[in-house]
Amino acid sequence: MGRVMIKGGVWRNTEDEILKAAVMKYGKNQWSRIASLLHRKSAKQCKARWFEWLDPSIKKTEWSREEDEKLLHMAKLMPTQWRTISTIIGRTAAQCLERYETLLDQAQKKEEGDTGDDPRKLKPGEIDPNPETKPARPDPKDMDEDELEMLSEARARLANTQGKKAKRKAREKQLEEARRLAALQKRRELRAAGIQTFNRNRRKRGIDYNREIPFEKKPQPGFYDTSEDVIDPFAPDFKRLRQQNLDGEMRVEKEEKERQKDRQKMKEKKENQMPSSMLSNQEPAKKLTKLVLPEPQISDQDIQQVLTVEKPVEVIIEPMEPDQEDIDRRKKEEEKRNQELEFRRRSQVVQRTLPRPTDITIALRSSKSDSNMSDSQKAEELIKEEMIKMLHYDALHSAVPNDKLSATQHKNYLDKHPFEIFTDEEMEHAKELLKKEMDIVKEGMSHGAISLDVYSQVWEECLDQVLFLPSQGRYTRASLASKKERLESLEKELEQNRNHMAREAKKAAKLEKRLKILLSGYQTKAHQLTKQYNELLNEIEKATIELSTFKHLQKQEELAIPRRIQALEDDVRRQMEREGQLQKRYAELKLQLQEGSM
Amino acid sequence: MADEVVVDALPYIDQGYEEQGVREAALLMVEEETRRFRPTKNYLEHLPPLKLNAFETDAMRHEFERIQQRLPMELLSMKRYELPAPPHGRMTDIAAWTECVDNSYAQLQHQLTRINNLELLSDYGCEIWKNEVQMIMQYVNEAQTSLQNLRKQIQEVNWARKSVQMQVGDKLKELEAKWVALVSKNYEIEQACAQLQQDVRDSHRLAS
């Protein structure tokens, strides 16, 4: 009977390394296979080692204060549920537990004040109950025989990337491929030689998938022979139809879909930061370019010439049927003209697009007092009545923004007081009358021609007199208002202007920001270029100075060269003269010597 | 002064400028010259006298005075841009209120002008900046070509100097060599003469 081996014990460095390599090869599911590489450890222990220590995602740093606090808090919330706590803290369950206990120990120690050693430190002779969570022990210099053997075996096994079966398969595949190619080559050569061979090696065993369907089950013949049926591919497929297809989409759903689309569109627009003005008026995204036609090959002048030359030859042009296009265009033009005429007949307020009141509140005097009124008063009443009619008519036919009255109200009023349409002649006549009247008044008041300055002065004075009373919501004359009212009005005005100001300032800021983005690129470019230009100018200045200096030097040298040559030549000449003298003297001396010796 | 000293250096053929101490000596001479030099003549005589305050305006004079007194610059008052209400003491003064409202209108108009300007800028800014950049680029190109021209001219001048000096240099060297040869020859002749004289004198003595 063999010795009973209990696996376990402290993890060695070699064991850790083998385990890591094995996990890399076999993954994290085949622990018994991995454990077969380490004969001192069981599968469970290997797994524990990996998940408690070796996994690279395990944090092995010191516990930070925040982590400690979190741990204590969680331990109170979920007592003994270390797995849950560990996921929250981001360390392993064993680490959490151990840290918790150390913390408790420390607290206890502080309370009791005893300075004994750590109770969880191993005493000599004790065995570590969970060695998986401890750092590996370094390898001894001289390893055991069996340990070395284990290491080499593990190395061999881990280095082997293919199993026996995979190797055999690969070899067989290669052989098969070679055989096929050889056969192919042989057949090709035979064919080239004119010998036709048929593929005789028909498969005896197995299924020829080109010929038959494996495990085919023919459908059972039904009650009705369908082979003669003709199917119209475009006939409605009633089998697939649902109630929904017949009814069409429900209105609510359609609405919802459209809304969603709209929302999506708005969102996109917002994301793209499109200015609101683009949202409101639907301008075409792409501006159409001008139509460019090629130059006519025959100019108008040429045609004119041809016509004048060939006048006698009469070209008979048959009267053509008017083109449908022309008819349409003429019709359209007619319509447009009519509209314009119609518009001319409208009141001046509409024609000039002046602001119109949103509410029609002109008090007409009661018709009972007719008899008491003077003629001019009566006329005034008539004018007022006409005015109201026109206001209603205008409001009905070209809507006033923010109108307080509905179209039906306008219609009702006009039904009761029919709006007369005058002919153009009548209008002309009326205008003439008015003009005459104006001239008479002008003359009577001796206005004459008023210059623009005078007019604007009077206008401004009048405008100054117009005062808005915010408390009463109406306009009045400034001279009639009390001081308090005037103050109030001014304050209101200032307030309004402030609001305007705020809005405008925002707009301006936005514009500025946009412009900054738009133009900053150009600005930096211009700045750089200017800098470069300045540097170049500096260099040019330097070069100019240099050039003039060198030119000056050249001039100097031109002067210097002949002088130097002259000086040297002088020297040489002097030396030559001296040589002559010396030679002479030598000759004389020689003569003397000869004479003396003689 | 320049007429008195003739500088006849020919740097392309003369040697000895590279030796130690020559450059320092030259620099020393230059320094000494600058120390000694006194401009005796007003060389700007043909120009009108300087008008230092030709472009000075009242505002500038004021500012210069302020800078001289080392006072900090007055901060721009932004008060009126906030459209303030009249001061506390004059809350019931219609004139003050009118003033404030008028100010607000003025500021609004100013703001409007600003927006108009900004809109103009947003319409034409890109083009204008593009033109500006192009213009500066053109300037830069012109400057570069002129700089290159200048460099070329400098080189040509130096080439001309060098070629002339090299030609002259040969002649000078030849002359110099001739001179040296002559001097040494003369020396030899002189010595020979001296020897002869001695001999003559000896023979005279012998004869006598």
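**Reading cores, contacts and charge pairs**

Q: Which residues of the largest nonpolar core touch the most other members?

A: In soluble globular proteins, nonpolar side chains tend to be buried together. This is a predicted model. Its largest nonpolar core has 19 residues, and those touching the most other members are Ile18(A), Leu19(A), Trp31(A), Ile34(A), Leu37(A), Leu38(A) and Cys46(A). Four helices of chain A give two or more residues each: H1 (13-26), H2 (31-35), H3 (43-54) and H7 (145-159). H1(A) gives the most, 5 residues.

Q: What is Cys46(A) in contact with, leaving aside its neighbours within four places in sequence?

A: Its partners are Trp11(A), Leu19(A), Trp31(A), Ile34(A), Ala35(A), Leu38(A) and Lys41(A). Another core lies apart from the largest one and has 14 residues, including Leu536(A), Ala543(A), Leu150(B) and Val157(B).

Q: Is Asp16(A) buried or exposed?

A: Buried means under 20% relative accessible area. Asp16(A) has 4%, so it counts as buried. It sits in helix H1 of chain A. Beyond its neighbours within four places in sequence, Asp16(A) contacts Trp11(A), Arg49(A), Trp53(A), Leu54(A) and Ala136(A).

Q: Which residues form a nonpolar patch on the surface?

A: Look at Ile450(A), Leu452(A), Val454(A), Tyr455(A), Val458(A), Trp459(A), Leu463(A), Val466(A), Phe468(A) and Tyr475(A). Together they have about 1,000 Å² of accessible area. Helix H18 (452-465) and strand E1 (466-469) of chain A each supply at least two of the patch residues. The largest share, 6 residues, is from H18(A). Take Leu452(A), which lies in helix H18 of chain A. Leu452(A) counts as exposed because its relative accessibility is 66%, and the cut-off for exposed is over 50%.

Q: How many residues does each chain bring to the contact between chain A and chain B?

A: Chain A brings 63 residues and chain B brings 75. Between them the chains bury about 6,700 Å², with 73% of that on carbon and sulfur atoms. On the chain A side, Met501(A), Tyr522(A) and Arg564(A) supply 10% of the area buried against chain B, more than any other three residues.

Q: How many salt bridges are there between chain A and chain B?

A: Side chains of opposite charge can pair when their charged atoms come close. Here 5 salt bridges join chain A and chain B. Glu579(A) forms a salt bridge with Lys185(B), with 2.7 Å between the closest N and O atoms. Over all chains, the structure holds 35 salt bridges.

Q: Where do Lys389(A) and Glu386(A) lie?

A: Both are in helix H15 (residues 375-397) of chain A, 3 residues apart, about one turn of the helix. Lys389(A) is buried, at 11% relative accessible area. Glu386(A) is partly exposed, at 27%.

Q: What do the side chains of Arg66(B) and Glu63(B) meet in?

A: They meet in a salt bridge at 2.9 Å, N to O. Both residues lie in helix H2 (residues 58-68) of chain B, 3 residues apart. Arg66(B) is buried, with 16% relative accessible area, while Glu63(B) is partly exposed, at 31%.

Q: How many helices and strands does chain B have?

A: Chain B has 3 helices and 0 strands. Of its 208 residues, 20% are buried. Its accessible surface is about 17,100 Å², and 57% of that belongs to carbon and sulfur atoms.

Methods: Residues numbered from 1 in each chain as written. Chains lettered and ligands numbered in written order. Predicted model: local features only at pLDDT ≥ 70, side-chain atom pairs only at ≥ 80, totals over all residues. Heavy atoms only, no water. Patch = residues over 30% accessible without salt bridge, like charges linked within 9 Å, V, L, I, M, F, W, Y side chains within 5 Å. Areas by Shrake-Rupley, 256 points an atom, 1.4 Å probe, with all protein chains shown as cover. Salt bridge = Lys/Arg side-chain N within 4 Å of Asp/Glu carboxyl O. Buried < 20%, exposed > 50% of the residue type's maximum accessible area, 1.4 Å probe, protein only. Core = buried A, V, L, I, M, F, W, Y, C linked by side-chain atoms within 4.5 Å. Contact = heavy atoms within 4.5 Å. Buried area = accessible area lost by both parts, 1.4 Å probe.
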